[in-house]
Structures are given as structure tokens and as C-alpha cells.
Amino acid sequence: MASQQSASNHSNRRHKHEGRQKHIVAFIFSIVLSLIAFAAVASVAEVNATFIIIILLVMAVLQVIIQMAYWMHMKDKGHLLPLVFMLGGAFVALTCIVMALYWVWW
Amino acid sequence: MDWLTTVDHKKIGILYLLAGGLFFGIGGIEAILIRIQLIKPLNDLVSEQAFNELITMHGTTMIFLGVMPIIFALMNAIVPLQIGARDVAFPFLNSLGFWTFLFGGLLLNLSWIVGDVPDAGWTSYVPLADTTYSPHHGVDFYTIGLQISGLGTLLGGINFLVTIINMRAPGMTYMRMPMFTWAAFITSALILFAFPAITVGLILLMFDRLFSGNFFNVALGGNPVLWQHIFWIFGHPEVYILILPAFGIISDVLSTFARKRLFGYSSMVFATILIGFLGFMVWAHHMFTVGLGPVANALFSIATMLIAVPTGIKIFNWIFTLWGGSIKFTAANLYAIGFIPTFVMGGVTGVMLASAPANFQFHDTYFVVAHFHYVIVGGLVLGLFSGLHFWWPKMFGRTLYEGLGKATFWMFFIGFQLTFFVQHFLGLIGMPRRVATYLPNQGFDTMNMISTVGAIMMGIGTLMFLWNIFITSRQPKNAANDPWEDGRTLEWTIPSPPPEYNFKQTPLVRGYDAWWKEKMDGNKEMTPAEPLGSIHMPSPTILPFFMSVGLFIAGFGFMYGRDPFDNAILGFLFNNYIVSIIGLGITFGCMFLRSVYDDPGYHIEVEELEDKGGRA
Amino acid sequence: MSAHGHHVEGEWPHQPENATLEGRNKVLGFWLFLGGEAVLFGTLFATFLALRDQVGDGPTAAELFKLPIVGAATLILLVSSLTSVFAVQALHQNKVKDLIKWLIVTVLLGFSFLGLEIYEFVEYIHHGHNFTTSAFSTAFYTLVGFHGAHVAFGVLWITLLIIQVKKKGLNLVTAPKVYVSAIYWHFIDVVWVFIFTVVYLMGRVV
Amino acid sequence: MMKRWQFSKRLLPLLAGLVLLLSACGREDLSTLNPQGSIAQSQFDLMKLSIGIMTGVVVIVFGLSVYVLVRYRRKPGDKSIPKQVEGSHKLEIIWTVIPIILLIILAVPTLKYVFAFAEDYSKDENAVKVKVTAHQYWWEFEYPEYKIRTAQDLVIPFGKKIAVELSTKDVLHSFWIPSLAGKMDTNRIDSLDKGNKNKMYFDAPEENVYRGKCAELCGPSHAYMDFKVKSVNQETFNAWVKEMQAPAKPFTGDAAVAEVFKQSCLSCHAVENEPKTAPNLKGIGSREAVAGILLNRERASESLDQAKIEDHLRKWIKETDDIKPGNKMGVIKLEDNEIDQIVDYLANYKLDSLEQINNGIPNVEE
Ligand code: HEA
Ligand code: HEA
Ligand SMILES: [Cu+2]
């Protein structure tokens, strides 16, 4: 435990200095990704629906990854277990969704 | 009073055992009634409606309120000791988890007193569980009671995960953890991922029933199959939540009484993880006849069969743990040894069920009933009896009578085989499950009678166990630290029962089977990892108890929110959800208090430790 | 592993939330809880997806949803997530005033999100889209409402923390609480990303 | 190695004996172990294969356990410490690979039958189509090709594929004829005929009466939701269809009671082929049971017992809630003489086409 702690101290010190810009960049990314998604839907008349849905989902997943990595500090050291358990949750969630899409109506 | 406010994991373990035992008894009495009703064709001991209530409450009570709390009892009592911890990570949540479980369970069983009992099976399939076909409040007790008790289980799961991750003694690496601790770890992870799913399912059903939602209402686009999916996405992992701890117990007991290291430890760990993982991908094997189509049925058949492989690895590892060992037949070990062939029989019928085309014949027959009682009673319950005999001295300072324990084993075991072996054949020759009675001349009569006789023997076995507890409790508390003398893990290095702080000094772990290793190296005790110092302890608190009472009241209030009342005051209180608001107010008020007033805890000073040292 | 951690007395640790065993437990436990929450929302999403076309006689998603409101809500929640990151930075730097400032901003944004959501729901009810209208409507209100309830809980919780930090100051007991609430707040934001994508935007597409 | 082979060689006859034992089990019109139709036969074959494999597994585990327990028991006073073995990769591989092989042996026919049973005969010209609708607590059988509708007794021609479409009007039920075919759930279909409609098919090899059951908990009377499958030869079947299509037999009692019958019974039941909320009564006098559960004969080798039919009808009308609690009929207030006349009419409403099978099939197993 202790060694893990001191290892993260270093990255943290740097963290302090670059801190704010990094988060603002993440924020701008989020806004842009959301904008793309909204715009894609606004253009729905012209393009094929499946294509748009794929765009929407890609934007959502990208945005979530960025937010998790930066805002929730997932990319920092010592977050292996949180990552494992979040992925576990995501896996089960995805299972449910596959169920809902393929095996509820026939 | 002490018991209401305790946050000590060992005492909470005992509370879990008491409550779980009580519910197991209730579930068992329901089982006996089911069996007596079925003793002969066209029996009318209970009405058809009452029969459905009995099976529903039997299944629900046994699974959620009977065996899971007993598992939690052992995990609470033993896991912190096995990893050399002073306490669990969240003593407060631990207590909260227990009380919410208990009040959820009480709410569910209150249904017997109110007279509106859940009657749609423990699986509560809609539309049968809708208000149209089950108009009384029975199913509301089910949805709300299980939500509350499920909350407790979820809290318990998180608590064990954090405890095992963060609280291990120095040197206790993951790959040195005893198998029971590993099992507790994986089981807790399964709880974490499975219980939210059933919580959502229960909420949907509750919304449909209490607030006229349409999730399962076909007329407005709802879909009953959705419920089945959600239930089983939880339900299948749930059965591994039940069995993995038993696997852990068996591993520890067998290696202790064979005086041999667990064979293939790392493959055991791997198999446990794999079973947990695969457990989430097989739920639809309960739904082969629902009509999901051949592709889904094929996929889920194969996925299900795969689980036989890691489970087989475990079985053979146990046998080879015994191989070359020096096997002592204590009562605990008898149960563990009885577990192996019996569980395998249940497991292989599971694999038979997994073959979808054959499942069309097996499904919803007594063959399934036989399957799951073989794995649950012949597996889990034997495992729990084994664990209880094994750790009883650690938990209570007294050893259960060996002779009586062995006699109990034989009574229960033979009764078990009589009850459930014949049920395989009943199912195959055409007896559906969940039937309140059956016509004569179908070839069912003799086997049903044998089955009932067996069930009564199991009941006698359970009574013998209770008797054993009773007479043992009148003996002096004189169990040694390591009463079996062959103990391998850390819990056997401290007094029985352990002092409130468990370890005077946190031990230094130098290998797998930490205590055995020290013994083999000729040491009389563990090397401490820290100097003797004052120990910080959390204070007892009544808040968890009241938070749970609050939930109980709130749940009760919601249930009757739309009922007409003769009494104007009652009507006012319930119909405006004032009762619920009061209940939630109590719960949130307590949460608020907890958040605002930090618990300073107290310290046990060195002098105190020294004179407590000798005493148990 | 003692309760007091290993930082030098008087110096503010770089990760105050992880400086004590209690803090580490709390943070880890909370992450695990969020793993469970992921399943909870996953199941709700699954339910919604299974029932989204079952509108019966009620309005369809495409008829109902107004993207400007959703866009505004999204913006609000994203900004609040950013302010909550700033709060955590203040926490790490032991700047109590900044911390409280950013937390207050976060809470206010949370309230406005809730206000917008209530306005939206009222609007829908006027269009004949009640909880009991169809399977779609029930699933919609349940999913979005659950998220809303999480926001409401978050808002209350953070408010309580503001009061606590004001009263007791920032220390190794309060720091993990604040940190954990920030993680919670981000999680709510992440869920919202999926809600606006899956419920609203995809609702407009098909 | 040699030894293991010896061991399995001794095992084989044991397995064979077991399978033999199984195949003699249960009533031939009810047991899955005594399959009659081709589907049930395939299912039984699969069951035999899996039981064989599983028995093998169980015997091996039992054998090893017993050996270990006998061989390595601790002698009293024995303080020796056995060798602490960590494990063995060779063994690990053996007990990973062998189960996988066994599972593959089981998986192959599983896959084959999964797809075979899912075949759709609903468009096949040679198949007889039946729409099965389950109700609390009775079965409705509609033959869309012939525009007829009956209840409780499913009449089919043997040797032909019966293509079934399943649904329910209320809660979930499951359609199961153990000796002919495995079960399939009846799901809810909404008013627009949309929903999870299931299809299955089966066939029967010869003239006989098979017992069918509901296999999904559906309320208090779930245990009583039995039905029968009467498989008859093609000519009988054709005659039966004709008879069902013909106008109903007029009420035989006096006019006043005829009116009562119309008001009290035909408000829910039908004697023609129209859909109603209660079982169709056409030809009820030649059914196997009253209400599906009060059997008019024990076995197809006997002939239908007229006294029983009358007795059961009377009992049903008078005590319906005791016989099937929760059923939708409820006790109808009728005078004794009205009941007598109604029972008389119904009990004697026979279908001539079914006379032969109703008089008992001589060669059916006792
Ligand atoms: C503790 C509980 C528990 C456990 C551990 C299991 C374990 C398994 N279960 Fe069971 N099951 C239940 C509890 C449990 N089950 C319950 C409660 C129900 C009914 C619910 C209800 O409807 O009310 C049920 C129902 C059920 C069904 C649905 C039946 C139906 O309704 O139609 C199926 C179908 O596939 C199934 C399969 C399995 C399988 C494949 C395993 C496997 O995990 C078993 C693996 C073990 C072995 C196989 C033995 C050891 C292995 C070897 C010795 C290696 C060699 C073996 C082979 C090559 C085969 N179970
Ligand atoms: C953990 C789970 C568990 C356990 C331990 C058991 C234990 C038993 N079960 Fe149960 N059972 C289920 C889970 C379990 N069951 C489930 C999930 C179902 C499906 C329900 C459904 O269809 O919805 C089911 C269904 C079920 C059926 C089928 C009902 C039907 O389909 O119609 C039957 C019938 O024989 C049965 C029998 C038994 C018996 C005889 C025991 C015995 O092992 C019980 C032995 C115990 C005792 C006999 C206790 C004796 C009590 C005392 C000595 C009094 C002590 C008093 C106090 C402490 C207060 N069970
Ligand atoms: Cu399962």
C-alpha cells in the first residue's frame, strides 16, 4: 500500500500545475462530441438512420471514456480495481442490453 | 441492547446466524408442509392457494433469508480472521446490512400474519404476479421485502470486497488467501453485479403493481418475457453466490482434516473466478421453453455446459487433496465428504438440463426440483453444516458434540437422499413441479411418499442439530485456539472466541496456509507485524437499526397507499403516503446524523490488551 | 495500516482522500458501489430499449422530444461536472474557500438541471404522455426519473457536505467524503451522456 | 492404463442395464421415459446419452472418493504429517480435457436437435395446423384450416405432423405432452396479434390417448389443467372434422330449460365453433374428462364410462370452485331439474366419429 502511495505522489505534483487546462480540454472535448451527436440527429433527413445511431453511440462512448479517464481520475495510478469493477458492471449492463435487443420480442 | 448496537463483525456474524437459522426453520417448516400435502394423491391438507403460497415462500425464504444469511454469518465471523484483520472495512455498513436484511425478511414474512401471501412462485412470473391475477398484497410483500433485504445483501457484498482488498495483514497476498476468503471475495463480486439487476426487476414489478406502470402490461405494450430475463440475469449468478462459499468451506475443511495442503490451490482460485464469470452468461437456460429461438437456445446450452469444466476441476482437486492425506472423520469432515458425491449428482443433472432439446422434457418437472435440491441442500446446506461444525468453536468457544454431530449427519443425509433421489424419476415419468396435488394411478404415489418420509428425516436431523447447539451451550467455554489441532489458517492463532480486536498484534504472513507454515517451522505463534500498540475501535450505534425500521415502515406504507380504509385516520395516513414519508424520514434522518456526527470511536490501550491477553 | 496514515502531521497530503485507511476504504467502496450502479442503470436502459417502440396510443419519442431542452440540460450537467473537478482540485490543494465556491456552483447547476427536467416532464404530461400511458412512457419516466432522483440525491448530499466543510473545516475525515461525492457526480454525468444519446437522440432518429 | 480400461469395461453393462430400467418406466401415455412420438423419441435418445455420460462421471467420482476414504483414513493416534503436495499439471490437464470431450459428445446432438425441433411446419401442406390457446385453466384448440374449435381433447390424425401455434389469453402456461413432445410456453399476444407467439410441432405414431399437462404455474388450479391428445386414423379424423363443422345438436330438454341453458351456459360457452370465453361444449359427451381433470376413464384400453360422465358433469356444475379453485365459471344457480336436463344433454352429446376410440383401444399397454 505504502509504496503505491508514494508512487502516485509524483504524478500528483505535476497534476497540480497542469491541472486545470487538462480538465478544460476534456470539457471542450465533451462539448464537441455532444455537439456532433446533436448535429447528427438534426441532419437525420439526409442520412441513413443506422449510420447515425452508430455515430451517436461512438460519440457517447468516446465522451464517457474521456470523462472517466480525466474527471474520475481513472487514468491515474491506483485505479486498477475501480477499473476492473467498473468494467465488470459495464459487462453485465451490456449483457442486459443485448438481451433487451435480441431476446425480448420475436 | 448490546446486540442491537453492535458493529463487531463477530457479533454481527452471530446475529446473521440466528436470523438465518430462524428463517431456515420457517422455510423448512414450509417444506415439510409441502411434502405432507404431497404424501398421497388428491390430499387436501392445504388448499391449492395455500400450497402456492407455501412453495413461493419456501423458495424465497430459503434462498434469500435462510441460506444467504448463514453464508454471511460465516463470512462475517471468519473472513476478517482469515486475513488477519481487526475488523471489516465498514463496521457501520456491516450492521446496517444485517438490519436491513432482517427487516426486509420480517416484512416478507409479515405476509403470513396479514394473510396476503405471495403466491406466484419464487420466480414471480408476470402476468401471474400482476394485480389482475394476484390482486391481493402478497406479491407486494415480495417486491418490497426483497428490495429491502437485497439492499442489506448488497451492502454486505461491498463491505467484504473492500475488507478483502484493503484490510489484509502484511504478507497476505491474494494468492495466499485461504479458499474460503477467495470464495467470499468472488461471491461478493457476484452480489455486487447481480443484485442491482433484481432490484431493478423488483422496482419495475412494484411500479406496475402499485403505480399502474406498464412494463409487463401486454395491453399497453409491456412484455412479460422481460421480467423473466431480468429475474434470471440475477437468478443464475445467485445460485453461484450460494454455492461458491460452500466450495470455500469444503476446501478449508477437507485440507484441515486430511492434514494436507489444498491440492491445486491456484487452479482452484482460477476455477472460482471462471465460474463467477461464466455465471453471468447462462441465464437463459432457465428459459429454453420460452421460445427464444434455436440460436439463443444453442448458445445458452453450450455456455451452460462449459461451467462443468471449472467445477470439475474443483471436484477432482478435493479428491486429490484427500489422496495421500491422513483423513480424520470429524462431523465437519463427514459433511464435507458427503458434499462431494452429492453435489456432483446435482451438478451432472444440471448439465443434462443444459441440453435445450432435452430440457423441453425436464423443464418445470420434479427433475428440476431434484437437480436444484441436490446442489442446494446436498451441496450448499451440507457445506454450511460442515462450516458450522468446523468454526463453531471459533465463533462460540465451545465445540459441538462430535457423536451427536455424526448421528445428525447420517439422519440428515439419508433423509436428503430419500427425499430428492426419487424426485428425478417423478419428473421423468411426467410429474410437473408446483402442483398442489396429483391424480392417482399415474405411478407417482410411492415415490412421493418416500420423498415425504425423507423430508421428515431431514426435519429430525435439523432438530438434532438444534439440540446439539442447546446442550453444547451449557458447557464451559473452553475451546483451544486451535481446537482441531490441524488448523492451517490465521483464525486458529487467536483465542476462541476471539477478543473484540481479533489480533493483539497484526500477524506477519509468510506463506500460504500461514499458521500451518509457522507450525511446521516449529513456531508456537505468528510473528507480529507491528509492535503492541493501542487499538482504535468503532463505537456501537443504534442508527442502522432505526434506518432499517424506517425502511420497513416506508415499504409497508407504500404497499397500502392505494387501499381503501374504513378508519379515516388510517386512510389519511396511508393514502397520502404519510406513513411512507415518516419511514423514509427516519431512514434519511439517521443517515443525516451519521454523516454529520463523525464517530470518534475509542481506543483499547496497551495495558488493557495485556490483561485481556490471556482471557478469551 | 493504522488509522492515522503516514503523512507528516500538519502537511496536507497530495491525495487527502487516500491518506487514511478509512479514506481509502471509502473511496474504493464507493467505486465498487458505482460498479453496481452501472448494472442498475444497465438494466434500466435494457428495459427502456426493449419497450421504446411500444407507444400504444400515446405520443412517440420523435413527436415528443424537444432537443433544445435536452441540449441545455446536457450543457448544464457537463459544466457542473467540470466545476466539480475544480472542487476536487481545490480539495487537493487544501483551498477551502475555492472548494466551497465550486461545490456551491455545482449544486446550483444541479438544481437548474432538475428544474429543467421537471419543466420537461410537465410539458410531456400536457402532451398526454403520462407514466401510465404506454410501456414506452413508463419505461421513459422510470429511466430518466431514476437519473433525476440520483441528481436530486447528489444535490442534497453535496449541500450537506458544504455545510460540514464549513463547520468542521477540511480534514482527513471530510476530504474523502467530498472526493467521493465528486466521483458520484461525474458518474451521474456519464449516465446522462447515455440517456441523451439513447433516449433522446436515438428517439428522434427512429 | 490397463486398469482403467478394465474398470470402464465393467461399467458398460451397468450403464446398459440402467438405460433398460429407464425405458420401462412410467405410463406409456404420460412418461418421457416411454416415448411415443418422434420428437419425444429423439428427446429420449438425447436423455439416454446424457444419462449415460453423467452416470459415468458419477461412478468415477464415487469410485475415487470411496477409494480415497478407505485407503487414507487416519489411524488412531497417528501424528504423522502427510506430504504436502501443491498440485499436478498432468492431472489438471486430464480432468480439464476429459470433461471437455464428454461435453462435446453431448453438445453435438444437442445442437442438432435444437435446430431440428425449431423447424417450422406451419406452412407445410401435409401438416395439420392447430392454434392452441391457453386459459386459466383450460385449453382451446382451433383448427384454422377447418374453421373448427374444440377444448380439452386435442384430436389429431396419427402419423402426421401437427404444427402448433401457441398463445395464452391470461397468464403464462406451458403446453406439454410428455410422451409425445417436450413443452413450449404459451405467451401473451396482444389485441393486434402481436407478441411472442411460439410454434412447435409433434406427431403420434398410432391410435391412442395421451395425457397432456400445463407446465407453468398459472394459479391455484395449475395442477388441474390437464388435457388429452386423441390420436386417431385419418378417416376418423376426417369424419370428426365433418361432425365438428356440422350444426350443433339441439338442446334435448324442455323449452324452459333450453332457455336457461342458453342464458346461463351459452353466454360463455359455445356449441358452435365461435370463439368464446369458456370451453366449447360440442361433443363434450365423448371427451376423456370433464373439466380436463375428472377422468371418464383411467386408460385408453377401457371404454368411456357413461355414469362417470354424468356424475362428473353434475359435480362440476355444482362444485366448480372446489374442483378448480379460481376458475372463471363460478357456481351457477340452477334448479335440480335444470341441472338434470343439462347434464343429460351434455353427457349424451356424442361425436359418432370418435366412437371407436372411446370404446377402448384393445392393444394399449396396461
Ligand atoms: C446452488 C445452486 C445451484 C447450482 C450450483 C447449480 C448448478 C448448475 N445448474 Fe442449476 N438450478 C438451481 C440451482 C443451482 N444450479 C436452481 C435453484 C434452479 C431452479 C430454479 C427454478 O426454476 O426455480 C436451477 C435450474 C437449472 C436449470 C434450468 C432447469 C429448468 O428449469 O428447466 C439448468 C439448465 O441448464 C441448470 C443447470 C445447471 C448447471 C449446468 C450447473 C453447473 O454449475 C453444475 C456444474 C457441476 C458439475 C457438472 C459436477 C462436477 C463436475 C465434474 C465431476 C466434471 C465432469 C462433468 C461432466 C463432464 C458433466 N440449473
Ligand atoms: C436454499 C434453498 C432451499 C432449501 C434449503 C430447500 C430445502 C427443502 N426443500 Fe425446497 N425449494 C427451493 C429452495 C430450497 N429448498 C426453491 C427455490 C423451490 C422452488 C419454489 C418455487 O417453485 O417457486 C423449492 C421447492 C421445493 C419443492 C417443490 C414444490 C413444488 O414444486 O411444488 C419441494 C417438494 O418437495 C421442496 C422440498 C424441500 C425440502 C423437503 C427441503 C428440506 O431440505 C428442508 C429441511 C429443513 C427442515 C425440515 C427444517 C426443519 C425445521 C425445524 C426443525 C424447525 C426449527 C424451527 C425454527 C428454528 C424456527 N422444495
Ligand atoms: Cu441457472
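**Entry 1: chain D, cover.** I looked up how much of chain D is covered, and buried residues make up 55% of its 366 residues. I counted a residue as buried when its relative accessible area was under 20%. I note here that the model is predicted.

**Entry 2: chain D, surface.** I then took the accessible surface of chain D, which comes to about 16300 Å². Carbon and sulfur atoms account for 59% of that area.

**Entry 3: chain D, overall form.** I compared the radius of gyration of chain D with the value for a compact globule of 366 residues. The globule would have a value near 21 Å, but chain D has 27 Å. I also took the spans of the C-alpha trace of chain D along its principal axes, and they are about 95 × 50 × 45 Å.

**Entry 4: chain D, elements and contacts.** I found eight helices and 12 strands in chain D. I looked at contacts in chain D between residues at least 6 apart in sequence, and 67% of them join residues at least 24 apart.

**Entry 5: chain D, charges.** I listed 47 positive and 48 negative charges in chain D.

**Entry 6: chain C, one helix.** I turned to helix H3 of chain C, which runs over residues 67-92 and has 26 residues. From its first C-alpha to its last, H3(C) reaches 37 Å, close to the 38 Å expected at 1.5 Å a residue. How many residues of H3(C) are buried? I found 21 of the 26, and I recorded the helix as mostly covered. After H3(C) comes C:Asn94, and I noted that its phi is positive, near 60°.

Terms used
Residues numbered from 1 in each chain as written. Chains lettered and ligands numbered in written order. Predicted model: local features only at pLDDT ≥ 70, side-chain atom pairs only at ≥ 80, totals over all residues. Heavy atoms only, no water. Helix = DSSP H or I, 4+ residues; strand = E, 2+ residues; numbered from the N terminus. Rg over C-alpha atoms; globule rule 2.2 N^0.38 Å. Buried < 20%, exposed > 50% of the residue type's maximum accessible area, 1.4 Å probe, protein only. Contact = heavy atoms within 4.5 Å. Areas by Shrake-Rupley, 256 points an atom, 1.4 Å probe, with all protein chains shown as cover. Lys, Arg positive; Asp, Glu negative; His and termini not counted. Charge placed at Lys NZ, Arg CZ, Asp CG, Glu CD. Expected span 1.5 Å × (residues − 1).
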